[in-house]
Amino acid sequence: MPENQEPRIGVYVCHCGGNISGAVQCELIAKALKQLPNVTITRTDESLCSDAGQSMIEADIKELGVNRVVIGACAPMLHEQTFRGAVTRAGLNPYLYQHIGLREQDSWVHGHDKQAATDKALRLMSAGVAKARLLQPLEPIRLGAEKHALVIGGGVAGLRSALDIARQGLRVSLVERSPFLGGRMAQLESVFPTEEEARKLLHALIEKVAAHPDITIFTQAEVTGVAGYVGNFNVHVQQHTRGVTNENAEALMAACSQEVPDEFNYGLTQRKVIYKPYAGCYPSTPAVDWENYNGEPISLNGKQVVLKDEPKAFELNVGAVVVATGFDPYTPPQGEYGFGELPQVVTLPHLIRHLALTKNGQPLQWNGRAIRDVALIHCVGSRQVEGIHQPQADGQVNNYCSRVCCTATLHMTAELHKRYPQLNIFDLHQDIRTYGRGHEEYYRRTLEDGVRFLRYNGEELPKVSAAPKGDIHPVLVKVKDRLTYGEEIEIPVDLVVLAVGFMPRDIHGLEKMLKVSRGADRFLLEVHPKLRPVETAVNGIVLAGTAQGPMNIQESLSAASAAAAKVASLLGRGHVELPPFVASVDEHKCNGTGACVEVCLYEGAIALQTFEENGEQIKRAVITPANCVGCGACVSACPNQAIDVQGWTLAQYEAMVEAIGADMSALAEVAS
Amino acid sequence: MDNLRIDALIIGGGIAGMQSALDLADQGFQVALVEREPSIGGRMITLSKVFPTLDCCSCITTPKMSAVAHHPNIHLLTYCEVQSVREHGTGFDISILQKPRYVDVSKCTGCRDCEYECPITVPSPFDRNLGAYRAIRVPFSTAVPQKAVLDPEYCLWCGKCEQVCPVEAIDFTQQPETFNIEAASIVMATGFDLTPMETKKEYGAGKLHNVIDPLMMERFLAPTGPYGRVLRPGDGKEPTSIAYVQCAGSRDETLNITYCSRVCCMYAIKQAMLISGALPMAEITIYYMDIRTFGKGYEQFYQNAKAMGVEFVRGKVASIKEDSDQNPIVKVEMTDIGEIVERTHDLVVLSQGIIPASSPILRGGSTQAVSLPLGSDGFIYVPAPDSAPCVTERAGIFVTGTAMGPMDIVDSIISASAAAAEASAYIRENGNRVEAHKEALYA
Amino acid sequence: MSVQNQQPKILILGTLSGGYAGADSTGQSHLDYPANTYILPVMSPVMFPPEFYLRAFERGIDGIIVMYSGTDSPYKVEAEGTAKLINRAYQMMKERGIDIRRLRLAAICTVCVKPFLKEVNQMNDLLKGIGFVKDELAGRASAMAGKETAHG
């Protein structure tokens with residue numbers, strides 16, 4: 001095997017199309033490093049990640065007998081896998097390769113001082129060479145993978161993911177917190193741009209999911225714990241009792257008198273604590289709202305029935321997890337555009353429900369008052385500016401665009417005009433962002449409909465106040481309109497509709513259980529928007545839909561199918577391979593102190609075992625790789641330096657530190 | 001060539017087609033990817049950096065190109081065109097034309113000796129004709145495959161390449177060849193073109209010296225570009241005042257292109273930021289109707305550009321003319337002040353929109369061979385976008401990326417994976433999967 | 001080519017899910033910071049025994065910032081375990097006469113650009129003031145030598 005021979009190191013410095021070579025003198029580095037012991041060849045290239053660049057490395061391995069590879073290029077996150085692939089194709093063990101980030105951590109941050117950037121690159125690369133000398137071939141850990149995925153969330157993204165995963169021949173468990181499937185999409189009436197009925201589309205999807213033999217649906221269920229790793233997650237689920245049976249449900253619902261605000265209609269109506277959100281919901285059996293049920297007996301056929309929630313806990317063993325937990329519409333704080341203070345200020349989701357509750361032919365009213373003039377304000381809770389908007393609870397402002405609200409607002413405007421042609425509609429926006437296929441149509445149509453568009457500046461927001469007493473309109477909107485050269489326009493209206501944006505949802509610590517992170521916008525974060533757009537940094541956990549950021553239905557569907565494709569690739573073969581970076585014990589040095597076992601917090605990762613050697617009973621630490629995470633707590637605890645994390649050994653770090661601290665003048669001399 | 005039997009044929013080797021191919025192949029399906037150009041990579045490989053991360057574009061594209069080329073389940077068919085598609089049982093019979101490269105790809109090592117020897121210089125479409133290459137060449141430095149191709153339109157048949165080729169790969173006798181593929185499903189990833197500059201008379205109809213298209217600017221900004229810097233094509237001078245005219249070929253009823261092209265705001269802002277880096281003294285103005293920075297991290301990107309000093313002027317540009325020094329003069333109604341003004345710049349970039357690569361305005365492409373119904377916008381029609389966004393009117397044919405309408409790279413990649421999910425489910429459900437499935441060599 | 005041996009050297013041990021990624025984020029934002037910083041990726045700094053830091057100072061590293069993920073770490077033991085190890089390193093540094101400010105533990109997340117820059121600049125400013133570690137080590141050695149003479 002080439003890896004057992006004396007190290008013959010190939011060193012490659014990437015120009016990255018000027019990104020690195022603009023600050024780092026790559027040729028000088030190559031020349032200098034050529035002087036180091038064990039370095040067989042050094043090269044530079046315009047773009048090492050290209051096919052030509054990779055082929056060059058492969059050729060050196062085959063033809064020059066290079067058996068260790070050091071690459072200085074962009075961040076390892078981008079291309080470590082790429083080069084592992086190249087090294088493997090040339091017949092070398094993929095772990096006999098060391099990647100040094102010269103772009104994000106050097107040329108991009110020290111561009112003002114090329115000498116210093118080059119100097120730093122030289123030391124980092126020389127550290128890479130020092131580590132390369134000590135690299136050992138490693139084999140990935142191969143684990144059986146459950147051909148079973150968990151989808152968290154039963155909205156349109158979760159449903160679509162579940163269906164698409166099942167269609168690839170895998171089993172799916174779908175866990176939904178509420179008693180009914182459908183999520184936010186169920187609260188919509190029609191969808192843009194096709195004007196199809198939202199619940200009709202949704203139920204076509206739900207029917208397929210419900211009918212699929214490989215999908216199990218758990219409603220009123222929550223994930224309470226996650227252990228394990230890709231291919232073998234052990235998930236604890238708690239499921240509440242439905243509280244009623246098919247036989248007694250309707251009668252109980254009729255007999256129940258306790259009512260609470262109906263969240264399906266955003267509190268515009270009341271519903272019972274035994275309820276169905278809407279006719280035709282799935283499952284069709286009503287459910288008990290345990291959070292609100294006051295525990296009072298319900299009298300049914302002369303009997304007093306007390307409903308009891310007896311949650312059951314169970315475990316699921318799954319190979320991958322799809323997070324499709326959705327979003328919440330932004331709730332304006334009291335006073336933002338008069339919200340919570342003036343009863344005539346509502347949000348767009350409110351109006352959608354209100355319109356749904358208003359029968360065709362009925363006049364449009366709010367609080368019993370006829371509406372003749374309505375103003376819709378865009379970007380409420382989106383595109384917020386520090387210093388202008390009130391920060392959220394965590395001190396941040398929502399500086400992102402919520403993407404959906406512009407078209408959703410104009411879709412509503414078109415609907416309002418269609419149903420109430422006499423209505424005067426004012427649209428207050430910063431920019432109209434009808435970007436999608438068929439979206440611009442709504443903008444043109446509403447312009448033709450006579451909707452009055454006014455454009456405000458994001459730093460001079462419109463003002464909403466109660467109209468002076470005696471005014472026939474209850475609310476006055478003032479806006480400096482950029483379309484009329486900043487003139488302040490006063491618009492008396494009967495109703496103000498706030499086009500609220502998307503808020504990242506509080507998912508009750510689920511992200512901590514799954515160990516996935518949030519981005520600066522507080523939505524769940526993908527690894528890289530282009531390289532791995534639906535995968536999280538945790539192997540086997542993928543994102544679907546608006547948990548990741550604002551998306552419309554079409555976009556959520558695509559993201560959900562994409563997530564399914566990733567799960568299918570991962571689990572389809574029935575096994576997964578894990579990186580070999582786990583602890584390993586040098587049995588010659590270990591004398592069974594047990595210090596490692598004491599510090600290890602991972603169940604079953606390390607244990608002392610008794611061996612018989614030369615007639616003596618001796619104890620030694622033994623690692624179970626599948627349970628070891630490679631944190632290295634045992635490494636620093638071992639008094640005999642008998643443990644190392646494979647691929648990240650203490651000796652390798654010592655060698656790298658030595659190289660960084662070394663006097664480089666002699667090396668650099670040669671290169672000048 | 002022997003006839004191939006495969007699970008999925010991907011038409012188009014741009015970012016969307018490559019991603020669909022990889023996702024299907026990673027699941028063990030046998031895939032063929034057909035590309036009409038001599039290299040895969042599509043439009044994306046010609047770009048400089050990508051928004052909003054400002055990653056070097058080739059750093060994102062080349063590994064995908066390489067992964068496609070090395071995947072044991074992908075048959076790569078470059079310089080090929082789809083001639084016809086016929087339904088056959090539950091699958092398709094596809095006739096493919098292999099255009100002659102005049103180079104034996106089994107022998108060519110991509111050493112480029114032929115290219116260095118070739119006496120003929122030809123404008124390079126890869127560089128938007130700003131730069132040049134030889135009549136025989138490897139299409140560009142990161143091309144996949146790294147194989148030479150000869151352009152018969154310009155070749156003098158002098159034979160120098162043949163003499164210098166160390167592996168005797170030059171073959172002047174090559175003829176177009178047709179072969180058939182049997183595929184269980186098809187993914188259309190045929191991509192886009194820019195709205196032609198010639199169609200907009202008010203903006204000079206492509207005749208003004210220093211009015212360029214955004215893909216030209218990409219080549220000016222790309223490290224692999226023909227000049228390695230930003231200059232005026234008219235006279236090579238370094239511009240100090242650069243303007244972007246947004247919606248130049250989108251949201252324009254006079255062109256019958258009424259839709260938003262979705263990427264122009266972000267690419268203009270990105271280019272403005274990159275120009276600020278390359279030419280710190282340059283003043284950059286963006287004339288716009290609405291700034292549509294709607295994607296993840298995009299609004300912050302826009303705010304950063306404003307903070308960096310890029311000037312955003314709201315107003316529709318009425319016309320562009322040029323003065324005697326070939327400086328473009330932009331006539332615009334500035335809606336914030338209500339005045340029509342004329343402003344002179346050194347260089348104007350028209351933020352042209354996106355039309356389907358198979359647009360009837362341009363030469364016909366694969367869409368016609370596949371005969372799929374198109375929407376009123378000219379892109380492939382999707383009957384149920386809110387329930388099956390990648391499914392076309394013809395069973396077993398799926399669509400992804402800009403073939404179904406303007407979209408940016410992130411959305412194209414997600415749509416490509418979604419199309420792969422639809423196609424793979426279709427293949428399984430129809431039960432006519434090809435038997436042999438190899439595992440990828442690496443993950 | 002010449003090298004800058006006159007600059008104090010800062011070693012940064014950055015976790016893949018914290019400091020190392022934070023440094024990459026800083027790079028993606030193209031924000032400048034001093035170039036005498038050498039970032040090595042680590043799974044978790046809980047693997048380094050206190051002696052490791054001592055040896056690094058002896059090898060000419062003038063300042064060390066351990067950029068760990070703290071309580072956000074995917075490793076349960078990291079937050080508490082690393083702090084314990086660093087405290088032991090501080091004891092040993094005191095014994096050797098090394099200014100303990102040369103070793104810092106900081107929690108840095110993947111998008112912690114500002115905290116990353118703050119840590120780096122603070123350490124750089126500190127080192128400008130207190131100089132090279134070799135001078136401290138040499139001073140200590142001569143003081144020890146002096147002591148021995150006095151006793152002898």
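**Exercise 1. Describe the interface of chain B and chain A by its buried area and its residues.**

*Solution.* Step 1. The area buried between chain B and chain A comes to about 6,400 Å², and carbon and sulfur atoms give 49% of it. This value, like the others below, belongs to a predicted model.

Step 1. B:Phe294, B:Lys296 and B:Asp386 supply 12% of the area that chain B buries against chain A, more than any other three residues.

Step 2. The contact itself involves 78 residues from chain B and 75 residues from chain A.

**Exercise 2. State how many salt bridges and polar contacts link chain B and chain A, and name the elements of chain B that take part in the interface.**

*Solution.* Step 1. Between chain B and chain A there are 15 salt bridges. One pair can be checked against the cut-off: a side-chain nitrogen of Lys or Arg must lie within 4 Å of a carboxyl oxygen of Asp or Glu. For B:Glu422 and A:Arg167 the closest N and O atoms are 3.4 Å apart, and the two residues form a salt bridge.

Step 1. The polar contacts between chain B and chain A amount to 43 residue pairs, with both residues at pLDDT 80 or more.

Step 2. The elements of chain B that each supply at least two residues to the side touching chain A are α1 (15-26), β3 (49-50), β4 (55-56), α2 (57-70), α7 (298-308) and α9 (409-430). The most is given by α9(B), with 13 residues.

Step 3. Sorted by class, the side of chain B that touches chain A has 37 nonpolar, 20 polar and 21 charged residues.

**Exercise 3. Carry out the corresponding analysis for chain A and chain C.**

*Solution.* Step 1. Chain A and chain C bury about 4,400 Å² between them, and 63% of this lies on carbon and sulfur atoms. In this interface, 50 residues of chain A are in contact with 42 residues of chain C.

Step 1. The rule finds 2 salt bridges across the interface of chain A and chain C. A salt bridge joins A:Glu654 and C:Arg59, whose closest N and O atoms are 2.4 Å apart. The count of residue pairs in polar contact between chain A and chain C is 11, both residues being at pLDDT 80 or more.

Step 2. On the side of chain A that touches chain C, two or more residues come from each of α4 (103-107), α5 (114-133), α15 (633-637), α16 (650-661) and α17 (665-671) of chain A. By class, this side of chain A has 26 nonpolar, 14 polar and 10 charged residues.

**Exercise 4. Determine the strand order of the open sheet of 5 strands in chain A, and identify its edge strands.**

*Solution.* Step 1. The order in chain A is β8-β7-β6-β18-β31, and the pairing is parallel.

Step 1. The edge strands of chain A are β8 (215-218) and β31 (541-543), since each pairs on one side only. From one strand to the next, the twist averages 20°.

Step 2. One pairing may be followed residue by residue. Strand β7 (residues 171-175) of chain A pairs with β8(A) in the parallel sense over 4 bridges. The bridge partner of A:Ser173 in β8(A) is A:Thr216.

**Exercise 5. Describe the open sheet of 4 strands in chain C and the helices α1 and α2 of chain C that lie across its strands.**

*Solution.* Step 1. The strands of chain C follow the order β2-β1-β3-β4, with parallel pairing. At the edges stand β2 (37-42) and β4 (103-107) of chain C; each has a single partner strand, so one side of each is left without a neighbour in the sheet.

Step 1. Strand β3 (residues 63-68) of chain C and β4(C) pair in the parallel sense over 5 bridges. Within β4(C), C:Arg104 is the bridge partner of C:Ile65.

Step 2. Helix α1 (residues 19-28) of chain C lies across β1 (10-15), β2 and β3 of chain C and runs at about 105° to β1(C). Helix α2 (residues 50-58) of chain C lies across β1, β3 and β4 of chain C, at about 140° to β3(C).

**Exercise 6. Locate the cis peptide bond that joins A:Phe192 and A:Pro193, and the one that joins B:Phe51 and B:Pro52.**

*Solution.* Step 1. Most peptide bonds are trans. The bond between A:Phe192 and A:Pro193 is cis, with omega about 0°, and A:Pro193 lies in the loop between β7 and α7 (198-211) of chain A.

Step 1. The bond between B:Phe51 and B:Pro52 is cis, with omega about -5°. B:Pro52 is placed in the loop between β3 and β4 of chain B.

Terms used. Residues numbered from 1 in each chain as written. Chains lettered and ligands numbered in written order. Predicted model: local features only at pLDDT ≥ 70, side-chain atom pairs only at ≥ 80, totals over all residues. Heavy atoms only, no water. Contact = heavy atoms within 4.5 Å. Buried area = accessible area lost by both parts, 1.4 Å probe. Polar contact = N/O pair within 3.5 Å; in protein donor to acceptor, adjacent residues only side chain to side chain. Nonpolar A, V, L, I, M, F, W, Y, C, P; charged D, E, K, R; others polar. Pairing = 2+ DSSP bridges. Axes fitted to C-alpha atoms, helices over the stretch in contact; angles between N-to-C directions.
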